[in-house]
2 protein chains.
Amino acid sequence: MEKKIQPKTLPGFMELLPNEQILFNKMKETIKKSYEKYGFLPLNTPIIEDASVLLAKAGGETEKQIYRFNKGENDLALRFDLTVPLSKYVTEYYDKLSFPFKRYQIGKVYRGEKPQRGRYREFYQCDIDTIGDGELSIMNDAEIPAVIYNTFKELGFDDFTICINNRKILNGLFASLGLENKSTEILRIIDKIEKIGKEETKKELLEYCEEKQADTIMKFILIEGNNDNKVQELEKLGIENPVFAEGLEELKQVIKFIEIFGVPDEFYKIDLTIARGLDYYTGTVYETFLNKYKKMGSVCSGGRYDNLTEYYTERKMPGVGISIGLTRLFFQLMDNNIISAEGQSISDALVISMTDNYDMCVEVAAKLRESGINVQVNLENQKIAKKFKYANNLNVKYVFIIGEDEIKNNVVALKNMETGEQQTLKIEEAISLIKS
Amino acid sequence: MEKKIQPKTLPGFMELLPNEQILFNKMKETIKKSYEKYGFLPLNTPIIEDASVLLAKAGGETEKQIYRFNKGENDLALRFDLTVPLSKYVTEYYDKLSFPFKRYQIGKVYRGEKPQRGRYREFYQCDIDTIGDGELSIMNDAEIPAVIYNTFKELGFDDFTICINNRKILNGLFASLGLENKSTEILRIIDKIEKIGKEETKKELLEYCEEKQADTIMKFILIEGNNDNKVQELEKLGIENPVFAEGLEELKQVIKFIEIFGVPDEFYKIDLTIARGLDYYTGTVYETFLNKYKKMGSVCSGGRYDNLTEYYTERKMPGVGISIGLTRLFFQLMDNNIISAEGQSISDALVISMTDNYDMCVEVAAKLRESGINVQVNLENQKIAKKFKYANNLNVKYVFIIGEDEIKNNVVALKNMETGEQQTLKIEEAISLIKS
């Protein structure tokens with residue numbers, strides 16, 4: 001006997017059961033529809049690219065994690081995000097695109113991280129970006145939170161907060177204090193304040209700056225109140241730095257337009273402690289938290305960047321965008337029992353036969369499909385109990401039962417699997433009932 | 001000045017412009033919906049698998065074409081079809097699945113072929129398969145053409161033919177003639193008959209068999225008439241071989257049920273010359289041709305196989321399925337001007353401002369979206385002509401123009417870009433008009 005190969009899926013690769021996949025696909029579809037509602041155009045770039053193109057900018061972690069290999073003489077790599085491919089795309093097809101260019105892409109990306117619970121090596125990113133040719137109005141930075149709001153509402157969430165900040169405010173503050181060279185360290189400390197508390201934060205700050213500087217930073221990050229209050233307090237700080245002033249002005253514009261874009265007050269707030277890494281974003285930055293599940297971390301992040309395409313062209317292409325890491329989000333939501341794949345189905349009905357004659361079963365299924373109803377017909381010679389078990393596993397709401405009487409009288413027995421109720425109907429009546 | 005990297009997409013990788021991508025996505029969505037209508041469940045397996053799993057069966061071309069590489073200590077490969085991953089999946093999750101297991105998968109697969117016009121190294125396959133546990137009713141073989149019919153109708157085609165054959169008929173015929181060892185060569189000759197003609201076919205056959213054998217084969221492949229005639233003629237051949245008899249009986253069942261499944265006569269036919277390769281399919285086989293574009297080759301093919309999972313388990317899992325190579329199909333349809341991406345759009349409208357005040361633009365866009373209308377709002381400080389050009393490039397049907405008068409009177413100027421007609425309306429009136 002031949003030796004069999006062990007069929008195993010690699011660690012770090014999500015593979016779902018059908019009911020879970022149905023739920024996952026619904027979420028993906030919801031995100032897609034929300035992105036399209038705001039006019040973002042679909043793109044679908046290759047998963048494999050020339051390694052030199054993908055690694056134009058990369059370094060550090062990215063280089064270590066990337067899947068890179070040779071095929072013939074080609075040095076290839078799998079994309080590790082959707083931003084670098086966008087950057088390539090915008091440069092390559094510049095002449096054929098209209099700017100501002102708004103695109104979404106929902107696709108798998110690859111990072112050879114250490115596999116661990118909830119961390120995947122293959123995962124979906126769902127990105128939108130608005131790219132300007134030379135310049136891009138700050139109002140676009142206010143549209144992004146509107147898309148986040150609409151998307152998460154459509155996904156069924158009603159208690160989340162989009163946190164907004166502007167990197168220029170942080171950079172300007174540090175510059176005004178003469179601390180621009182220590183911004184990395186300071187931001188890392190600031191980022192921990194919720195965990196370590198005010199006192200410890202100040203103590204750690206003092207390792208990098210003077211008492212007076214630390215006081216200003218503490219005063220800055222402890223600014224409270226609603227968005228208007230925060231803006232007023234920022235103005236009161238009296239920081240005379242052009243970058244700071246620019247950032248504050250941008251933030252004011254963003255906050256003004258978010259409201260006009262229709263995002264209710266309680267879904268967004270200025271959060272002066274978020275920074276989103278250091279070398280990429282240059283203006284507005286976003287993080288989004290499910291308020292009851294803050295431990296999950298930000299479920300949708302992004303921001304404004306000065307130049308998307310700097311590694312490929314001299315042309316300046318500013319942009320603003322966000323990403324939802326859907327695979328990780330799905331895992332976390334399932335893991336926290338916030339969503340459940342139980343009862344998920346793509347079929348409305350299953351048709352089963354009580355006899356050896358399947359003709360009418362197939363006819364009924366064909367009629368149901370013509371009426372737009374998703375239906376499966378069981379064509380196997382199985383015991384009735386097994387057929388009903390099958391219906392249960394499929395999570396269909398209705399089972400059509402075709403026996404001798406039904407064939408003779410040209411009717412169907414329709415069983416509602418949720419209520420257990422069964423009735424004999426003409427096929428047209430059954431269709432109306434299901435569609436109603 | 002830094003050296004710039006040339007942003008180039010690899011040869012053999014399809015990358016579309018947004019309007020093309022919109023059209024491609026519509027086709028993909030249509031196929032998905034059609035598959036779901038018949039109760040096929042979605043799967044989404046990883047693109048990367050352990051090389052030993054993917055190559056359990058492979059050999060020859062597959063091994064040469066596969067993208068295979070190491071990451072750390074792992075020997076990995078990219079899937080080259082969706083059947084091997086299905087085979088793995090069904091074995092791995094056997095205990096959690098219900099049989100017959102009907103699944104669809106629409107995803108990218110990878111083959112490092114020589115790039116040539118219309119041949120891609122990364123391409124979408126859109127597969128359905130019905131897998132039985134131990135056995136699987138022949139009626140499933142009749143459902144598959146119903147899915148093909150529905151799918152291509154929904155894709156907008158109305159002149160195509162699903163060609164159906166049964167490998168057992170061919171195998172039985174060859175066995176009855178004592179030619180089972182020459183079946184490969186004979187099938188290759190049969191396959192060419194449309195190109196080379198009857199005489200040349202017979203001449204080539206004679207290189208492998210006796211005059212009398214060649215006559216029987218010629219008589220067989222030249223059987224004409226409608227499906228019933230063909231079945232009768234096959235019976236009249238008087239071939240006494242149990243495999244032939246089994247194949248003929250299966251074919252009769254399939255033809256009978258295709259009709260009950262609702263596929264009109266003119267969309268399918270028995271074609272005794274199709275065989276679909278030699279080592280995989282064991283019963284029913286399908287090919288589908290667009291009648292006006294036969295040169296494109298089969299646009300949807302597949303068949304019945306005895307055992308999906310033989311490399312992974314002792315359990316016997318027969319199945320039947322088909323695949324649409326969407327990337328290649330899309331290329332061919334575009335290339336033959338059968339489809340066009342011109343005018344494709346995801347947005348119904350664009351909102352533009354005639355002034356520096358964008359508040360009302362953003363408000364109007366928000367209201368349109370609340371009504372379910374996809375809309376983009378132009379937020380850039382551009383000349384009016386440029387904004388209209390942008391609208392044209394987006395292929396939106398409507399442009400909302402917001403100027404001083406509109407702001408003062410709280411109305412919108414709505415321009416129909418197809419007719420050029422422009423009217424001043426209340427926002428609610430404009431929404432009704434677009435939605436009607």
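**Close-up 1. Lys102(A) sits over the face of Phe40(A).** The distance to the ring centre is 4.6 Å. A charge counts as over a ring if NZ of Lys or CZ of Arg is within 6 Å of the ring centre and within 35 degrees of the ring normal. In chain B, Arg315(B) lies over the face of Tyr94(B), at 3.6 Å from the ring centre. The model is predicted: local features need pLDDT of at least 70, side-chain atom pairs count only at pLDDT 80 or more, and totals for chains, interfaces and linings use all residues. Side-chain values use heavy atoms, without hydrogens and water, residues are numbered from 1 along each chain as its sequence is written, and chains are lettered from A and ligands numbered from 1 in the order in which they are written.

**Close-up 2. Phe152(A) and Phe157(A) form a tilted pair.** Over all chains, the structure holds 35 aromatic pairs. Here the ring centres are 5.9 Å apart and the planes stand at 45°, so the pair is tilted. Rings of Phe, Tyr and Trp (its six-membered ring) pair if their centres lie within 6.5 Å; planes under 30 degrees apart are stacked, over 60 edge-to-face, and the rest tilted. Phe152(A) is buried, at 0% relative accessible area. Phe157(A) is buried too, at 12%. Buried means under 20% relative accessible area, exposed over 50%, partly exposed in between (1.4 Å probe, protein chains only).

**Close-up 3. Tyr149(B) pairs with Phe160(B).** This pair is tilted, with 6.3 Å centre to centre and 40° between the planes. Tyr149(B) belongs to helix α5 (residues 139-154) and Phe160(B) to strand β7 (residues 160-166) of chain B, eleven residues apart. Helices (H or I, at least four residues) and strands (E, at least two) are DSSP runs, numbered from the N terminus. Tyr149(B) is buried at 16% relative accessibility. Phe160(B) is buried at 0%.

**Close-up 4. One aromatic cluster draws on chains A and B.** Its members are Tyr67(A), Phe69(A), Tyr110(A), Tyr67(B), Phe69(B) and Tyr110(B).

**Close-up 5. Ser137(B) lies in a loop of chain B.** The loop runs between β6 (122-131) and α5. Is Ser137(B) buried or exposed? Ser137(B) is buried, with a relative accessible area of 14%. Not counting residues up to four places away in sequence, Ser137(B) touches Leu379(A), Glu380(A) and Arg304(B). Contact means heavy atoms within 4.5 Å.
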